[in-house]
Amino acid sequence: MATTSYVPLLTNHFGQFNQTKAADMYPDTDFGSLNVFERLWVSWYVWIGNPVIATGLMSFLMHELVYFGRCIPWMMIDKMPYFRKWKLQPGKVPTNAQMWKCTKAVLFSHFTIELPQIWGFHPLAEYFGLATHSVPFPSWKLMAVQIALFFVFEDMFHYFAHRALHYGPLYKHIHKMHHEYAAPFGLAAEYAHPLEVLILGTGTIGGPLLYCLFRPDLHIFCVYVWVTLRLFQAIDAHSGYDFPWSLNRLIPFWSGADHHDFHHMAFTNNYSTSFRWWDHLLGTDNKYRAYKARVASARPEERAALEKQELEMVEKEGVKAERIAELGG
Ligand SMILES: [Zn+2]
Ligand SMILES: [Zn+2]
């Protein structure tokens with residue numbers, strides 16, 4: 001029996017309807033013991049009234065809000081000359097037409113590919129034992145461990161899948177679209193062929209589903225936190241800027257834009273997403289490291305000129321490498 005027969009936060013607006021629904025969807029739940037996030041969670045599910053629709057809608061809205069919300073600061077930075085000194089490929093600022101093209105393509109893939117996928121996600125999640133509408137949430141400590149595991153899994157999955165996508169036929173028909181921009185920008189993070197979104201998205205959502213096979217304590221709220229952080233990672237890695245306060249300056253194994261920008265420019269090397277260890281271990285960062293070492297060893301007064309020269313060379317080699325990949329296989 002529910003000790004409190006109403007859902008705080010929304011009850012004044014939705015009255016009796018909520019009380020019946022709440023008692024129906026949350027039997028044996030003491031709403032008074034929930035924190036504000038959990039109450040909002042309950043309110044959302046009770047308000048929508050159907051867990052499949054509530055989860056689907058929330059997943060879709062969250063993705064749009066986080067993706068475009070995170071891109072806005074980068075779009076503003078691109079418009080401010082003050083930040084140009086930290087641009088990894090100087091002068092390669094996206095045009096309005098390029099940003100608009102990416103926005104349209106990303107929205108198109110979200111509505112045509114992702115929306116139907118999300119609709120099928122709830123039954124799949126329930127089948128795997130992922131908690132959705134239930135409260136309370138697991139502890140922050142447990143969620144932190146789960147998210148750390150998802151980061152490590154996604155990075156590994158992405159490394160090998162991304163390397164495979166650089167193989168001739170796969171590159172030509174799928175991954176080429178994402179490489180349209182040799183100097184990426186935030187909005188270009190999800191600018192990719194629908195099949196690529198599907199393949200690489202498996203790394204993001206596969207970790208949580210796999211986790212559910214082993215343990216019964218994963219909540220979709222934790223998956224949302226994970227997806228939000230993963231979107232931040234992807235957009236920031238495509239931003240094109242490396243600031244003195246960027247995360248990779250604080251955590252030496254964090255990839256950041258410095259790492260992924262080189263992948264877009266040189267076309268080879270640096271296949272992973274969040275961490276540098278797979279590229280390091282398997283030697284697929286050799287060109288990147290040699291380039292970094294050459295720039296670092298230059299005298300301060302010559303550094304800018306050398307960097308410019310190096311960038312031009314890497315770019316030329318990248319164009320050649322892309323042509324080889326396309327023709328090969
Ligand atoms: Zn690539
Ligand atoms: Zn990329």
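The buried residues of helix H5 (140-165) are covered by parts of the chain that include helix H6 (168-173), helix H7 (194-214), helix H8 (220-237) and H11. In this predicted model, the residues of H5 that count as buried are Gln146, Phe150, Glu154, Asp155, Phe157, His158, Tyr159, His162 and Leu165. As for the geometry of H5 itself, its 26 residues should span 38 Å at 1.5 Å a residue, and because its end C-alpha atoms are 36 Å apart, the two values agree.

**Overall architecture**

The chain holds 13 helices and zero strands, so that, read from the N terminus on, its elements run α-α-α-α-α-α-α-α-α-α-α-α-α. The C-alpha trace extends over about 75 × 45 × 35 Å along its principal axes. Of the 329 residues, 33% count as buried, and among contacts between residues at least 6 apart in sequence, 65% join residues at least 24 apart.

Nine residues from domain 1 and seven residues from domain 2 take part in the contact. On the side of domain 1 that touches domain 2, the largest share, six residues, comes from H2. Sorted by class, that side of domain 1 has seven nonpolar, one polar and one charged residues.

**Nonpolar cores**

The largest nonpolar core has 41 residues, and those touching the most other members are Val42, Leu187, Ala188, Tyr191 and Ile235. The elements giving two or more residues to this core are H2, helix H3 (51-79), H4, H7 and H8, and the largest share, 10 residues, comes from H8. Since domain 1 (1-49) and domain 2 (55-327) both give residues to this core, it lies between them. Leu187, one of the residues with the most contacts inside this core, is in contact with Cys71, Met99, Cys102, Thr103 and Val106 when its neighbours within four places in sequence are left aside. There is also a second, separate core of nine residues, which includes Phe262, Phe267, Tyr288 and Val314.

**Individual positions in loops and helices**

| Residue | Other C-beta atoms within 10 Å | State |
|---|---|---|
| Asp28 | 7 | exposed |
| Ala192 | 24 | buried |
| Asn270 | 26 | buried |
| Lys316 | 11 | exposed |

Asp28, in the loop between helix H1 (11-25) and helix H2 (36-48), has a positive phi of about 60° although it is not a glycine. With 7 C-beta neighbours inside 10 Å, Asp28 counts as exposed, the threshold for that state being 12 or fewer. Asn270, which is found in the loop between helix H10 (256-266) and helix H11 (277-281), likewise is not a glycine and has a positive phi, here of about 55°.

Pro136 has its place in the loop between helix H4 (96-128) and helix H5 (140-165).

Ala192 is found in the loop between H6 and H7 and is buried, with 24 other C-beta atoms within 10 Å. Apart from residues up to four places away in sequence, Ala192 touches Met177, His178 and Val197. Although Ala192 and Ile174 are 18 residues apart along the chain, their C-alpha atoms are separated by 7.9 Å.

Lys316, by contrast, has its place within helix H13 (residues 300-327) and is exposed, with 11 other C-beta atoms within 10 Å. Lys316 and Ala305 are 11 residues apart in sequence, and their C-alpha atoms are 17 Å apart in space.

Note on methods. Residues numbered from 1 in each chain as written. Chains lettered and ligands numbered in written order. Predicted model: local features only at pLDDT ≥ 70, side-chain atom pairs only at ≥ 80, totals over all residues. Helix = DSSP H or I, 4+ residues; strand = E, 2+ residues; numbered from the N terminus. Buried ≥ 20, exposed ≤ 12 C-beta atoms within 10 Å, placed from the backbone. Contact = placed C-beta atoms within 7 Å. Nonpolar A, V, L, I, M, F, W, Y, C, P; charged D, E, K, R; others polar. Expected span 1.5 Å × (residues − 1). Core = buried A, V, L, I, M, F, W, Y, C linked by C-beta atoms within 7 Å. Domains from an automatic or database assignment.
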